[in-house]
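Subject: Structure handover

Hello,

Here is the structure I said I would pass on. My notes on it follow below.

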Amino acid sequence: MKHLILSAGLALSASAALAETELRVHYAIPTIWTETQDKLTAAFMAAHPEVTLTLDGPAEGYEDGAQRLLREHVAGTAPDVAYVGLNLWRVLEDRGVLQPLDPFLPADPQAAGYTPALLSLGRFEDTQWGLGTSASTLVMYVNPVLVEQAGGSMEDFPTSFDGVIELAAMIDALSDTTEGVWIARHDWRFQSLLGSHGGRPMTEDESDITFDDAAGLAAAGLYQRFATEAGMSSMSENDARQAFPAGTLGIMFESSSLLTRFTEGAGDSFDVTVKPLPVAAEENVYFPTGGNAIVMLTEDPAKQQAAWDYIAFVTGPEGQKIIVENTGYAPANKLVLDDSAYLGSYYAENANARTAHAQVADHAGPWYAFPGAEGVAVTDLIAAALVEVTEGAEVEPTITDLAETLRLQLGMK
């Protein structure tokens, strides 16, 4: 009897030890991430029964999430790890919210799938502050049914912005309930169009704004051309994300991360087709990498190792497989691309994903984060200026004024 009691006691002690570390996890954009986060949590806890994960209620967007994390840091209620926009972790680093990951990285990061390019997504001034967990670029989602009805051809689909605008106008003219093209008035989308034209938002040393050059004016001008020449409406992002799978929107410039959602939404109505973003420049082209990075916030040494175990899992091959298969994001670990055992069958059955992920490999670049405490706020100013341009404001003075405003607000002048 004593032996049985002792055995039971040891078992209870072992169970308690296994569950002794609890981590809170923050993430954003529930429409894309909730189901995937649930699967990541279950898979990690199955492999690490000594750690219990709790998912915070998700933020609606990365900007909202960053502001929440800043508030919680001040209040002393911040989570232990967080998924943040690739363009926003610098804001958290600037406020002293993040913990460096260098002490936890393997001796040979590249052997673990962390290439220099992937590490650069979360590195600043020789310190690793985050690791990419997902990657996306702007692509064109196309409804082949509407293209054919408008007299276009998927086999000879336009590869220039001029051609896309012409086709979108034909789709828009089909009926009062059909729209030809849509793109969000958003910093990341603008940076993508800018990069297609060979431009950059800032100088390399982040000392000046540069999108008020010819490339920036051409990129902003596309918003106006989409509206005036192709009939783009002012519907909201949520409405547009419903219109495309519903079959009433012909061409949508959107993140490659929405592939699974759009494909499932369209069902048997039409075959969602992904086309690469047109390249407008002959050189210096880059497409800013959207998606997110995972960062460590906990200062508790007892929790940091468990937090790193979780970070290593979600950025490693098993976690990346879950993310790619459930979101459409490109992987942020090279082992997943090199070893067909992980995603070979997935790519064989998902030609759209291969197209989107190849674009990441060909043209991925930094999603520029505007420096300083006002880095998040200025993205709202960019969005507002794009709305003005779309609604008919003159492109050059609007963008020139925007650049000057950002210079002043970011302390560049």
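Predicted model: local features only at pLDDT ≥ 70, side-chain atom pairs only at ≥ 80, totals over all residues.

On the helix 12 side the contact involves Phe 313, Val 314 and Thr 315, which meet Pro 317, Glu 318, Gly 319, Gln 320 and Ile 323 of helix 13. Of the residues in this contact, four are nonpolar, three polar and one charged.

On confidence, the average pLDDT of the chain is 92, and 95% of the residues score at least 70. Residues 1–18 have a pLDDT below 50, and this stretch has four contacts in the model beyond near neighbours in sequence.

Next, the aromatic rings. The whole structure contains 16 aromatic pairs. One of them joins Phe 226 and Phe 253, with ring centres 5.4 Å apart and planes at 35 degrees, so the pair is tilted. Phe 226 belongs to helix 9 (residues 214–230) and Phe 253 to strand 9 (residues 249–255), so the pair ties together parts that are 27 residues apart in sequence. Phe 226 counts as buried, at 0% relative accessibility. Phe 253 is buried too, with a relative accessible area of 0%. Elsewhere, ring pairs link Trp 33, Phe 44, Tyr 83, Tyr 310, Phe 313 and Tyr 329 into a cluster. Phe 313 also takes part in the contact of helix 12 with helix 13.

Helix 8 (residues 187–196) has ten of its ten residues buried, so this helix is largely enclosed by the rest of the structure. Its buried residues include Asp 187, Trp 188, Arg 189 and Phe 190. Gly 198 follows helix 8 and has a positive phi, near 85 degrees.

Last, some backbone angles. Most residues other than glycine have a negative phi. Two residues to look at here are these:

- Glu 125 has a positive phi, near 50 degrees, and is not a glycine. Glu 125 sits in the loop between strand 4 (123–124) and strand 5 (127–128). With 63% relative accessibility, Glu 125 counts as exposed.
- Asn 284, also not a glycine, has a positive phi of about 65 degrees. Asn 284 is in the loop between strand 10 (273–276) and strand 11 (287–288). Its relative accessibility is 47%, so Asn 284 counts as partly exposed.

Regards

Technical notes. Residues numbered from 1 in each chain as written. Heavy atoms only, no water. Contact = heavy atoms within 4.5 Å. Helix = DSSP H or I, 4+ residues; strand = E, 2+ residues; numbered from the N terminus. Nonpolar A, V, L, I, M, F, W, Y, C, P; charged D, E, K, R; others polar. pLDDT = per-residue confidence, 0-100. Buried < 20%, exposed > 50% of the residue type's maximum accessible area, 1.4 Å probe, protein only. Phe/Tyr/Trp six-rings, centres within 6.5 Å; stacked < 30°, edge-to-face > 60°.
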